[in-house]
Amino acid sequence: MKQPFILDIHTHTLASGHAFGTIREMAQAASEKNIKLLGISEHAPGIPGTVEPIYFSTLYVVPKILYGVEVIHGCEINVRNDGSLSLEDKYIDRLDYAIIGIHSLCYHDEGKEKNTENVISCMKHDKVHFVSHPDDDNTPLDYDLLVPAAKKHGVALEVNNNTFKRKNKRKNCMENYRKMLSLCMELRAPIIVSSDAHDPSCVGDFSLAMELLDKLGFDETLILNNDVQKFNQFIHRAHHAE
């Protein structure tokens, strides 16, 4: 990559119940790695041990700048088997952005067609801007349908660095990313690259994801991580489509 990645918007703190840093520790780590914009995106209800929804109503008390890093707040919301989100609108409305994703802890595989239909249904929410780790054939997705839908609804599909650390658990993830990213380039669909950090030491770590992107010769203009203004424009655009 010629342009440095200066934002990381999929990270978790102690509040998610299975991560190991505070917001301030995550921000300090981001500062040390020259990350300019940090997104804290705790898990929504459905993941054991995560926060109660009221957490998302009180994020305004967190300083906007910590250690010189701008801090914004999202939520990684579960796609449910009926195609709905696992967090109520009254809490989603308080967020800067929402990430949606399938998690096996609260989702049962329904096959490629239905899984894809459920994700696309959740994409249509105005606050949803990203799909987390769409890479695992334990809950397969149809990229020929998913990528055009993401483009239509103004949603960026994620390349998740943490996935590459758990390749033995994420079935066919490399092949799936190659397919997905090829379609993203063909359709000019933006992507987001995320650390999915669950510890301060992992904030801003995109190394394994970048290795794949470099191998594929992925177009950097389609990556949202290298320009804060481009990212902000993306998440504030009116992207809801019927």
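Visitor: Which residues are exposed on the other side of α8?
Guide: Those are Gln229, Gln233 and His236. Keep in mind that this is a predicted model.

Visitor: OK, and which residues of α8 are buried?
Guide: Val228, Phe231, Phe234 and Ile235 are buried in this helix, which covers residues 228-236. Looking down the axis of α8, you'd find its buried residues within an arc of 125 degrees, so they line one face of the helix.

Visitor: What do those buried residues pack against?
Guide: Strands: β1 (7-11), β2 (37-43), β4 (69-78), β6 (128-131), β7 (156-160) and β8 (191-194).

Visitor: And what's going on at the start of α8?
Guide: Asp227 has a side-chain oxygen there that reaches to within 2.9 Å of the backbone nitrogen of Gln229.

Visitor: Switching to rings: how many aromatic pairs are there?
Guide: The count comes to 6 aromatic pairs. One of them is Tyr55 with Phe56, an edge-to-face pair with 5.3 Å centre to centre and 85 degrees between the planes. Phe56 is buried, at a relative accessible area of 1%.

Visitor: Why is the pair of Phe130 and Phe231 called stacked?
Guide: Their planes sit at 5 degrees, with the ring centres 5.9 Å apart, so the pair is stacked. The cut-off for stacked is planes under 30 degrees apart. This pair also links distant parts of the chain, since Phe130 is in strand β6 and Phe231 is in helix α8, 101 residues apart.

Visitor: Are Phe130 and Phe231 buried or exposed?
Guide: Both Phe130 and Phe231 are buried. They also belong to a cluster linked by ring pairs, together with Tyr97 and Phe234.

Visitor: New topic: how many salt bridges are there in the whole structure?
Guide: A search finds 7. Among them is Glu117 with Lys114, whose closest N and O atoms are 3.2 Å apart. Both lie in helix α3, 3 residues apart, which is about one turn of the helix.

Visitor: How exposed is Glu117?
Guide: Glu117 is partly exposed, with a relative accessible area of 44%. Lys114 is partly exposed too, at 25%.

Visitor: Which parts does the pair of Lys165 and Asp205 tie together?
Guide: That salt bridge has its closest N and O atoms 3.5 Å apart. Lys165 lies in helix α5 and Asp205 in the loop between β8 and α7, so the pair ties together parts that are 40 residues apart in sequence.

Visitor: Last one: which residues are linked in a network of salt bridges?
Guide: Asp135, Asp136 and Arg170.

Definitions and conventions: Residues are numbered from 1 along each chain as its sequence is written. This is a predicted model: local features need pLDDT of at least 70, side-chain atom pairs count only at pLDDT 80 or more; totals for chains, interfaces and linings use all residues. Side-chain values use heavy atoms; hydrogens and water are left out. Buried means under 20% relative accessible area, exposed over 50%, partly exposed in between (1.4 Å probe, protein chains only). Helices (H or I, at least four residues) and strands (E, at least two) are DSSP runs, numbered from the N terminus. The arc is that of the directions from the helix axis to the C-beta atoms. Contact means heavy atoms within 4.5 Å. A polar contact is a pair of N or O atoms within 3.5 Å; within protein, one must be able to donate a hydrogen and the other to accept it, and residues adjacent in sequence count only if both atoms are side-chain atoms. Rings of Phe, Tyr and Trp (its six-membered ring) pair if their centres lie within 6.5 Å; planes under 30 degrees apart count as stacked, over 60 as edge-to-face and the rest as tilted. A salt bridge is a side-chain nitrogen of Lys or Arg within 4 Å of a carboxyl oxygen of Asp or Glu.
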